Each structure stands twice: as structure tokens, then as C-alpha cells.
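Trainee: I am new to this structure and would like to go through it step by step. Can we begin with a helix and then turn to a sheet?

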Amino acid sequence: MASAPPPILTLTGITKSFPGVRALDGVDLDVLPGEVHCLLGQNGAGKSTLIKVISGAHRPDEGEIAWNGEQVQLSAPTAAMNLGIATIYQELDLVEHLSVAENVHLGNENARAGFVRRAAARETTAALLARLGHPEISPDRIVATLPAAGQQIVSMARALSHEVKLIVMDEPSAVLDSDEVDNLFRIVADLTADGVAVVYISHRLEEIRRIGDRVTVLKDGRAVARNLPAASTPTREVVALMTGRDTEQVFPDRPAEAPRAAEPVLRAEGLSRKGEFETLDLDIYPGEIVGLAGLVGSGRSEILETIYGARRPDTGSVQVEGRPLRPGSVTAAVRAGLGLAPEERKAQGLFLIDSVTRNVSISSLFRFARAGWIDRAKERSAARGYTKELSLRPDNPDVQIRTLSGGNQQKAVLARWLLRECKVLLLDEPTRGVDVGARAELYALIRRLADDGVAVLLVSSEIPEVLGLADRVLVLREGTVVHTAPARELDEHRVLDLVMEGSPA
């Protein structure tokens, strides 16, 4: 057998600290040309810090970085880009009011005599989009008008606009449906066949097994395992390394038969929005978890946002405990007892520079107000009670919420609606970007809320998550409910058949 090529990137003893936190503690990592090196770990394990070291966004406090065997200083992102390192972050760093072509060439403009060659930029952008399997995206389209999956493609095109030799992908499949994931893997295979190295981060272990060559596992800022074979390492072993415990069954037990009240707490009748979803009839009872399964673009998120009042329906109505909601009014929905944890929690659900306390209390400030003033001590005490109940970490209600891991940010969103004492909880991709250990905690929390009588409407791109958590499932295809059944009567293959080829039933 031919020996492996020398590493294109070698990290040795990388250490990085922030005030009160040692994010990386002597991490070693090597990446070979043409391989997919997978980086695993819980939220807060140090993955984001490590890829920011690789991309030049963070300078390590200690340790060495070698590129093709020669020591280098990645003092800024431009230094990494000049070597051929491109990074696609989970939180996409696009400029939404600019066009696709302008974003693709941002910082790398095609200019002559001080003038940007816009026609050439559009031409090269179109070629990159075609290479990525999306020739339908216009280079002139404003990025803000693209769906999340389209924006992910633009971010990838920008990375490939450079002479890339190593590309870092942070949760690239989080907003993609199954066909888009297949396309992503085709792109990765093409890149590695050309000798490009890929560092791939995902919480979906089945993806790692499918696409990866080697795996490095981080825990508490340290590499607890290196050079694991991606295809053959058992899931149980990987989970144990990531969490320090064996997590065989992550879904809580479902009641043998969910108790059903005489009347639904939430009823949607004939609800529709042109081009998004059609004629939805839905009843949800107290203590019931209902899942919406379907591909990206099938209308799942639009249904939740319409019920919540963030979108106005073209037809139909929503009732809570028999009382109609005013269409298109979030205020009316919240007052009636609805709460929404949106898919894009950082952009739509959190005030990132505010404290945990304010993010938890924001929908219940009236409870702490007197004569126009907020009782800060009372507000803090109330929020602290729920963050402690949910084991939110770190246990400090005064820290900025942007410093928390994805799983703990999601707990803060749920704590907000617990404090509000909502009757119906709408969850859109509640575990997106959340590690396997934190997922188990969130699953247990959602089931406990249902056991306490809260009605839950759940959207997830991961079919096993819908089937493992929900009591009843509605399968969507192109905006239409094609099947409804108890979750225990469905399996992943049946749901996939329905969303790909099913006819209304």
C-alpha cells in the first residue's frame, strides 16, 4: 500500500483561553491532502475556537501551526486565505443586501484600473453556482431573498472562488434537505478527488460515517481521540467519547397512550398561504406532541409562523381554546398562550448582546413592571429559577447569551416560554446545531413539558427526531398534508416515500 501523503496542515499543542474559559488545551490535529477529516464534540468542546484558529480569526496563546511542513503564523483571516484556507461558518457571514455575485467576490473583487469588472464577476459566479449544482440561482439576485439553503450555496461558492487547498465546513448540512445533502457530498467528493483537504463538522453522526475518512473528537477543549476511522467506529463509542457517558437511547419514553382532552387547545381550519402551503386542518390537544415531517421548502416553517401570527394567512383561521386568533398578529398569539422557538434562533429568537435574564424575561416583562419601571431583582430571580430548572450552563443569568453554546441558547428560548406559561409551544428545528448530549436533555425537557399539559407542534428536518419525539405526525409534501398517523405506526423509510412520492391521503 502506498504511504499516506504528508499533512497539508498540522496543529501542535494549540492552546487558547478567554476570560474565565480555557477553550483549547493542547490540541493536536493533522489534515491530509484529499481527505475529509471530521471534527466532533459537544457544544462548548472547542470546535468553533479551533476552526477560528485555522481560519486566522483567533491567534493561539500557545502551540504551532505548520502548512506543508513549514511553520506559519495565521495572524488574520487574509493570511489563511492567501495560503488557500477557506471557511464556511455555520452562521453564514454574508452581506444580505448585496447580490450573489458581490458576496461571492467580496474581498476578492475582479478589478481593473480600480474598477470592478461586474460582467466578469457575474460570469465566474454563474460558473461556480453551476459547479455546485445550482445554475438556477442568478448572480444578480439579492442574497436576502434566498432561502437558507440557497444562502449556504452562495457561501460555498465564495469559498471556491479562491484557489482553495483546504476548506473548513461547519455544519454545512444543517439547513439542507436530503437531496441538497447528496449534492453537498458530491461537491466534497469532487474537491477531495482534486486533492483539496476538507475539515468537516457535523452533529449528524450518519453523515460522518458516510463522508469522513478520519475523526478527531474534542471534549472540554482537548482532543480525547484522534485518527478514528469514520466509517467503522461505532456510534456508541463516539457518543461516549463526546459526552463522557454512554448515550444509547436519546429519546424519552413516549406514553403508552397519550391522554386526550375533550377539546383541542389549538385548532387550525382551512389555513393556507399561496405558494407555501394549502388547506391545513390541524387539532392539537393538551399534552400532545405533533410533528411536521417534510423536505425543506414543503411549508413546515411557514405553517408555524402563520399559526404564530408572523405571517398572515390567505384563508382559514386559528383558534386557541375555542377562541379565534387575530390573523397576522404575534401579540395576539402570545397573549393567547402561544410561544415560538424559531429555526434561526440567533437571528430571530435571541438578543445576542443582552443577558440570559433579559432573553428569558422579554415576553413577560409586564410581570416585573410597576409604574413604568422594571423590578430588576424580581426579573432576575424569576429567570434564574427557570434557567436552573433547565440546567442551563454556565449558571450565570448575567452573561451575554451570545457566549452560550447552541444547546444552552435553545434552553434559554424554552425558559422564556416556561416563564410566560404558554399553552402551545411551536418548535422549529429545536436541535439544529446542538450536540448529541444536549439533544438528549432537550428531548427530555420537551417530553416533560408535554407531560405537564403543554401542546407542542414540532418541525425537524431529521425524520428520526420527529418519529422519536412526536405522538402524532403530519407528513407534508409541497405544502400539502399527504399523510397523518401516530408516530409509532411510521418508520423513516415510509416517511421518506411519502415526502418524495406520496399523494394526498
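Mentor: Buried means under 20% relative accessible area. Keep in mind that this is a predicted model.

Trainee: Which residues of H4 are buried, and on which side or sides of H4 are they?

Mentor: The buried residues of H4 are Ala120, Ala121, Thr125, Leu128 and Leu129. Their arc around the axis is only 170 degrees, so they lie on the same side of H4.

Trainee: How far apart are the end C-alpha atoms of helix H4?

Mentor: Helix H4 covers residues 118-131, which is 14 residues.

Trainee: Which strands are the edge strands of the open sheet of six strands?

Mentor: The order is E18-E21-E22-E15-E23-E24, with mixed pairing. An edge strand pairs on one side only, and this holds for strand E18 (338-341) and strand E24 (480-486).

Trainee: How do E23 and E24 run, parallel or antiparallel?

Mentor: Strand E23 spans residues 472-477, and six bridges join E23 to E24. One of the bridge partners is Thr480 in E24, paired with Arg477. The two strands run antiparallel.

Trainee: At about what angle to E18 does helix H14 run?

Mentor: Helix H14 is made of residues 406-420 and lies across E18 and E21. Its direction relative to E18 is about 175 degrees.

Terms used. Residues numbered from 1 in each chain as written. Predicted model: local features only at pLDDT ≥ 70, side-chain atom pairs only at ≥ 80, totals over all residues. Heavy atoms only, no water. Helix = DSSP H or I, 4+ residues; strand = E, 2+ residues; numbered from the N terminus. Expected span 1.5 Å × (residues − 1). Buried < 20%, exposed > 50% of the residue type's maximum accessible area, 1.4 Å probe, protein only. Arc of directions from axis to C-beta. Pairing = 2+ DSSP bridges. Contact = heavy atoms within 4.5 Å. Axes fitted to C-alpha atoms, helices over the stretch in contact; angles between N-to-C directions.
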